[in-house]
Amino acid sequence: MITADQVKTLREETGAGMMDCKKALAESGGDVEKAKRVSLSRFLFALGIRHIGEGTSQDLAKFIVAHVKKPKEIRPTEIFHIMHGVTQETINDMEGFGDIVAVSVFAFFHDAKMRHLLEKLEKVGVVIFSD
């Protein structure tokens, strides 16, 4: 049984929505630390990047995995640095991405607020694993 205190703790630490926290805790058997582990495509989808659905988040995850040194565990800030260094044209050329999606992804990873969010998630111990 997942308690309100567990959900509250996870929400306060990660800033994730209540239902996302509840689902992560249910999948982890109520273990808050395990609930902080998430697949890369799910993490990208959960960030709420405009125009990024589940399929597009999987395509973006493949691109990121191809550019990380240790793809088994990826730090949130590592995702930011990879995507911050990519041009809008490169994003546009990814399979399944068009102009609108490329603009949205590019803007997201060039927003200082998003960098701070990813830094916060890393500090609280969010672990991302490749799909």
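First, the ground rules. This is a predicted model, where local features need pLDDT of at least 70, side-chain atom pairs count only at pLDDT 80 or more, and totals for chains, interfaces and linings use all residues. Residues are numbered from 1 along each chain as its sequence is written, and side-chain values use heavy atoms, with hydrogens and water left out.

Now the core. A nonpolar core is a set of buried Ala, Val, Leu, Ile, Met, Phe, Trp, Tyr and Cys residues joined through side-chain atoms within 4.5 Å. Buried means under 20% relative accessible area, with a 1.4 Å probe and protein chains only. The largest core has 31 residues. Phe43, Leu44, Ile64, Ile79, Met83, Val105 and Phe109 touch the most other members. A second, separate core has seven residues, including Val7, Cys21, Ala24 and Val32.

Next, the helix pair. Helices are DSSP runs of H or I, at least four residues, numbered from the N terminus. Leu60, Phe63 and Ile64 in helix 5 meet Ile79, Ile82 and Met83 in helix 6. Contact here means heavy atoms within 4.5 Å. Take Ile79: leaving aside neighbours within four places in sequence, its contacts include Leu40, Phe109 and Ile128.

Last, the rings. How many aromatic pairs does the structure hold? One. Phe108 and Phe109 have ring centres 5.0 Å apart and planes at 75°, so the pair is edge-to-face. The cut-offs: centres within 6.5 Å for a pair, planes over 60 degrees apart for edge-to-face. Both Phe108 and Phe109 are buried.

Technical notes:
Rings of Phe, Tyr and Trp (its six-membered ring) pair if their centres lie within 6.5 Å; planes under 30 degrees apart count as stacked, over 60 as edge-to-face and the rest as tilted. Buried means under 20% relative accessible area, exposed over 50%, partly exposed in between (1.4 Å probe, protein chains only). Helices (H or I, at least four residues) and strands (E, at least two) are DSSP runs, numbered from the N terminus.
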